[in-house]
Amino acid sequence: MLRLHILASGSGGNAAIAENAATGEGVLIDCGICKRDFFARAEEAGFNLEKLRAVVITHDHGDHVGEAVNICRKTGAMLGAIVGTAGKLAEDGVPEAQILNGIGFNMGGTMEHKGIKATMTQAFHSSDSGAPAGYIIEM
């Protein structure tokens, strides 16, 4: 069973954690809020950040990307994003070793990391790099 923690939603920022209720491991979907708010809201939701395994980005707008680079660097979580956006975030500071597949992945692709699967699906919106995406998360 999954737990979904909505940390922020709206033009001021978007962030949600999908957590495996049995293991406590989780995936952050977008991180468009400041680092301080992210850590406070994750703690308030009862999520153990030591169990954050991946951050997936839906599209390259500030209210979705926000602090993703810093969160990946601080927690060691892997980054998942479409190739163009993953490349931009690597340029912004995510170590290549922390990017799923080394370069990101593409629409319809599935990446697996430590038993967590993320399948990228098509989404309709705009994006400053790459293309917008949704994710099917399986744990």
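Two strands count as paired when DSSP finds at least two bridges between them. The model discussed here is predicted. Strand β7, residues 116-122, and β8 meet this condition with six bridges, in the antiparallel sense. One of the pairs that can be looked up is threonine 119, whose bridge partner in β8 is isoleucine 136.

These two strands belong to an open sheet of three, with the order β6-β7-β8 and antiparallel pairing. β6 (110-113) and β8 (133-138) each have a single partner strand and stand at the edges, so one side of each has no neighbour in the sheet. On average, neighbouring strands of this sheet are turned by 25° against each other, direction ignored. In a regular strand, side chains alternate between the two faces of the sheet.

What is the sense of the pairing between β2 and β3, and over how many bridges does it run? β2 and β3 are antiparallel and share five bridges. Alanine 15 has cysteine 31 of β3 as its bridge partner. The hairpin of β2 and β3 has five residues between the strands, and glycine 24 in this hairpin takes a positive phi near 80°. β3 and β4, by contrast, run parallel and are joined by four bridges. Here glycine 26 is paired with leucine 52 in β4.

β3 is mostly covered, with five of its six residues buried. Aspartate 30 is placed in this strand. Is aspartate 30 buried or exposed? Its relative accessibility is 4%; the limit for a buried residue is under 20%, so aspartate 30 counts as buried. Its backbone also deserves a check: phi of aspartate 30 is positive, about 65°, although the residue is not a glycine. Asparagine 101 is another non-glycine residue with a positive phi, in this case near 70°. Asparagine 101 lies in the loop between α4 and β6.

Threonine 58 sits in the loop between β4 and α2, and with a relative accessibility of 12% threonine 58 counts as buried. Apart from neighbours within four places in sequence, threonine 58 is in contact with Ile29, Asp30, His64, Ala131, Pro132, Ala133 and Tyr135. Threonine 58 and leucine 89 are 31 residues apart in sequence, and their C-alpha atoms are 13 Å apart in space.

Leucine 89 brings the text to the helices. The buried residues of α4 are Thr85, Ala86 and Leu89. Around the helix axis they cover an arc of only 100°, which puts them on the same side of α4. The buried residues of α4 pack against α2, α3 and β5. After α4 comes glycine 93, with a positive phi near 130°.

In α3, which spans residues 68-75, Ala68, Val69, Ile71 and Cys72 are buried. Seen down the axis of α3, the buried residues fall within an arc of 170°, so they line one face of the helix. Arg73 and Lys74, on the other side of α3, are exposed. The partners against which the buried residues of α3 pack are β3 (26-31), α1 (35-44), β4 (52-56), α2 (62-65), β5 (78-80) and α4 (83-91). Just after α3, glycine 76 has a positive phi of about 80°.

Which residues touch the most other members of the largest nonpolar core? They are Leu28, Phe38, Leu52, Val55, Ile57 and Leu79, out of 26 residues in that core. Two or more residues come from each of β1 (2-8), β2 (15-20), β3, α1, β4, α3 and α4. α3 gives the largest share, four residues. A second, separate core has 15 residues, among them Ala54, Met78, Met111 and Ala118.

Leucine 28 shows the packing around one of these residues. Leaving out residues up to four places away in sequence, leucine 28 touches Ala15, Ala16, Ile17, Phe38, Leu52, Ala54, Val55, Val56 and Ile71. Ile71 in this list is one of the buried residues of α3, and Ala54 is one of the members of the second core.

Methods
Residues are numbered from 1 along each chain as its sequence is written. Side-chain values use heavy atoms; hydrogens and water are left out. Buried means under 20% relative accessible area, exposed over 50%, partly exposed in between (1.4 Å probe, protein chains only). The arc is that of the directions from the helix axis to the C-beta atoms. Contact means heavy atoms within 4.5 Å. Axes are lines fitted to C-alpha atoms, for helices over the stretch in contact, and angles run from 0 to 180 degrees between N-to-C directions. A nonpolar core is a set of buried Ala, Val, Leu, Ile, Met, Phe, Trp, Tyr and Cys residues joined through side-chain atoms within 4.5 Å.
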